[in-house]
Each structure stands twice: as C-alpha cells, then as structure tokens.
Amino acid sequence: MMADRVKWLDINCNVCGQRLNSWDARVSKALAYKTPVCEKCVAKEYDIEPSELRDRLEDFFGMRPCVGI
Ligand SMILES: [Zn+2]
C-alpha cells in the first residue's frame, strides 16, 4: 500500500493564516476543531512540539503523518 502524499488544500489556518495541507486537516478533524487549524497552532495550543503532536496522534488515533511533511 502506498503512503498518503501530502496535498495542499484551499483552506487557511484559522489562527495564523498559513495554507493547510491534508495532514493539518486530518489533525483538526481528529481533535474535533470546528475551524481548521494548522498542526503548528494545534501543537502550540497543547504546548508541545509538532513532532510530539504527530507521535501522540499516532498513538491515540493510529494516524500516520503524510509523506513529505
Ligand atoms: Zn496555524
């Protein structure tokens, strides 16, 4: 099975305005954010590093970050 490739979406982060990719959107969805937010802002909110956020999501939701991010 091929790993998901990251896709850039036509959505911007509700906090910093950065363009979101498919991974950011998945993160927002998994954490039940009403408005999409990029993983950096999510990590900031939880006061952790984005890499730590990815690890946690992998543990909690079995989510794998997309290739290329
Ligand atoms: Zn952001």
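Axes here are lines fitted to C-alpha atoms, for helices over the stretch in contact, and angles run from 0 to 180 degrees between N-to-C directions. Helices (H or I, at least four residues) and strands (E, at least two) are DSSP runs, numbered from the N terminus. This is a predicted model, in which local features need pLDDT of at least 70, side-chain atom pairs count only at pLDDT 80 or more, and totals for chains, interfaces and linings use all residues. Residues are numbered from 1 along each chain as its sequence is written, and side-chain values use heavy atoms, with hydrogens and water left out.

**View 1. Helix H2 meets helix H3.** The axes of H2 and H3 come within 9 Å and cross at roughly 90°. That makes H2 roughly perpendicular to H3 (65 to 115 degrees). Look for Glu39, Lys40, Val42 and Ala43 of H2, which meet Pro50, Leu53 and Arg54 of H3 (contact means heavy atoms within 4.5 Å).

**View 2. Helix H1 packs with helix H3.** Here H1 (residues 22-30) and H3 (residues 50-61) pack at an angle of about 55°, their axes 12 Å apart. On H1 the contact is made by Trp23, Val27 and Ala30, and on H3 by Leu53, Arg54, Leu57 and Phe61.

**View 3. Four cysteines coordinate the zinc ion.** Along the chain, the donors follow the spacing C-x2-C-x21-C-x2-C. Cysteine 16, in the loop between strand S1 (8-12) and strand S2 (19-21), and cysteine 38, in the loop between H1 and helix H2 (39-46), are 22 residues apart and link distant parts of the chain.

How values were computed: Donors are N, O and S atoms within 2.8 Å of the metal (3.2 Å for Na, K and Ca); water is not among the atoms, so sites may look incomplete. Angles under 35 degrees count as roughly parallel, over 145 as roughly antiparallel, 65 to 115 as roughly perpendicular and the rest as oblique.
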